[in-house]
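Let's take a walk through this structure, starting from the inside and working along a helix. Keep the 3D view open as you read.

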Amino acid sequence: MSNRLKKKEDTPKKFFPCDLNSGKAIEDTDIAGFHLESIKKRILSDKYLQILILLTAIGSLLRFFNLGFNSLWLDEAVTYYYATLPFDELWHMLQNGSEFNPPLFYILESFMVYLGKDEFILRLIPALTGILTIPVVFWMGKEFSDRNCGIVCAALVTFSSFLIFYSQEARAYSLLLLFVALSIVFFLRGMKSGRTLDWVLFGFFSALGFWTHFYSIIVFGILVACFFFNWGFQKDDILKKGKSFIWSIVTFILLTLPLIVVTVELFLVRTSSPPTFGLNGWDVISRALSDLSGFNIGAIILLITLFGIGLLWAFVHERRKGVLIAFSIIAILMISYYLSFRMPFQTRFLIIMIPFYFLGIAYSSRAFCQIFKKNYVVYVLIACIFLINFPVLSQYYTVQTKENWRDFSREFERYTEDGDVVVLLPSYMQQPLNYYYNSSRDNTIQIGASGVKELEDLKDEHSGARIFIIMTADILAVEPSGQSVEWLKQNATFIGQYTGIYLFSI
């Protein structure tokens, strides 16, 4: 017994270059238990944990600060509307194609509505999930490579202006990223351990991602393909590992079965005609590299360079990891390139690519640590990540990023008189306007229009009344020919523009 204990004590602990804990890695067994004292000792002795806590605190500040500053825009107003519907009505709208997004985020938001309907409350879930993503990606990077990779991943998420933006928007993208990151964590754990529990959790979080946004199915398919690619190189326990992995497929199918049939029908509807708005073709790829890197040229150049270094290092030293990153990003971009010709496409869909992109960037830390063998390499990378995002973040909290329906409604209500006719062009812009404006309280008549014919009819029907037409650029998505815009130029008086909202009168 004593010999076995001695042998265990003499076993060298795990080590990797540039270990911030002075070359001595702290294992989970070093400080056991969940007592306050043991947690305190762990924090005081582990620099990675200290940095992660600091990054999470900073990330919380960046995501909560001015959370209610921006007015709700169209998609956020739609979130509020669907959050107020009973589940059976929401599901029916999904089945008949009135809504193209899965219901999980709306269901979660329906609980928030009980707390209030202001912008802060509606954006609270995205902010909280954005914060929680920081320690999750640290875990992801650690599982993928080491704690240096994990802490750089956490820094990338903390300061990413792209992710902060979607953590402050009442849409599902922040929640989607959290589930995608968790599914990758348990995929990596399953690949190493082969445990059934890890594979079940991989299927579970992949299913939650699918219930959050249909685009997450791409990540699930990519990871399944990567498993079978690596499975072909296994020399032992092939059958056992295959049986364990099957549980992830079973879990995913069982949890998403009600949604799968609806998804196929929605996809056919969504791709039945060419898109009238959104990114198209190679713009998808160029905007992906720009937006996901942080919207400014310095960030784009630095992060793409670090990604190239990390990917090259992975291919030279750990080829399968390089294949995983490269295959995932190429597959996402190529699928997105194809879909951009079939459906309206926006850069935000590519939030599913961020974990793979950030893993490639963070993996460059291994190259620099191998070359310089100094701890400051990790600190320099974190400092650079902050500095390249600072220019955008320094302006982000003081500039309206969407149509400012809140202030427009207040001004417009003072401008109108009893009996005025208010026309929304296109008609679905009633969603954000009515979140702030009440035509009954203002004693006006509110009508929606989506084309020239409706505008002509309204002009004739309300002849003699004062007609206001509120228009946004979304009319070009409904009517790409721009006929309504030309009609307004000839038949209406332009009053002014408030952010992206244009006001005309007849």
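This is a predicted model: local features need pLDDT of at least 70, side-chain atom pairs count only at pLDDT 80 or more; totals for chains, interfaces and linings use all residues.

Now zoom in on Trp405. Setting aside neighbours within four places in sequence, its contacts include Ser71, Leu72 and Trp73, along with Leu424, Met429, Pro432, Leu433 and Ile470. Leu433 is a handy one to follow up: this residue sits in helix H21, residues 430–436. Its relative accessible area is 0%, so Leu433 is buried. Leu433 and Trp405 are 28 residues apart along the chain, yet their C-alpha atoms are separated by 6.0 Å. Beyond four places in sequence, Leu433 also contacts Phe408, Ser409, Leu424, Gln446 and Ile470.

Next stop is helix H19, residues 376–396. Its 21 residues reach 30 Å from first C-alpha to last, close to the 30 Å expected at 1.5 Å a residue. Still, H19 bends by about 50 degrees at Phe390, with a proline, Pro391, following within four residues.

Which residues of H19 are buried? They are Val377, Val378, Leu381, Ile382, Ile385, Ile388, Asn389, Leu393 and Tyr396. As for the spacing to look for, an α-helix has 3.6 residues a turn, so residues three or four places apart point the same way. The cover over the buried residues of H19 includes helices H3, H9, H10, H16 and H18.

Take H9 from that list. The axes of H9 and H19 come within 9 Å and cross at roughly 10 degrees. Angles under 35 degrees count as roughly parallel, so that is how H9 and H19 run relative to each other. On the H9 side, the contact is made by Asn148, Ile151, Val152, Ala155, Leu156 and Phe159; H19 answers with Val378, Leu381, Ile382, Ile385, Phe386, Asn389 and Leu393.

Finish on Asn389, back in H19. Buried means under 20% relative accessible area, so Asn389, at 3%, counts as buried. Apart from residues up to four places away in sequence, Asn389 touches Phe159, Ser160, Ser161 and Gly294.

Notes: Residues are numbered from 1 along each chain as its sequence is written. Side-chain values use heavy atoms; hydrogens and water are left out. Contact means heavy atoms within 4.5 Å. Helices (H or I, at least four residues) and strands (E, at least two) are DSSP runs, numbered from the N terminus. The expected span of a helix is 1.5 Å times one less than its number of residues. The bend at a residue is the angle between axes fitted to the seven residues ending there and the seven starting there. Buried means under 20% relative accessible area, exposed over 50%, partly exposed in between (1.4 Å probe, protein chains only). Axes are lines fitted to C-alpha atoms, for helices over the stretch in contact, and angles run from 0 to 180 degrees between N-to-C directions. Angles under 35 degrees count as roughly parallel, over 145 as roughly antiparallel, 65 to 115 as roughly perpendicular and the rest as oblique.
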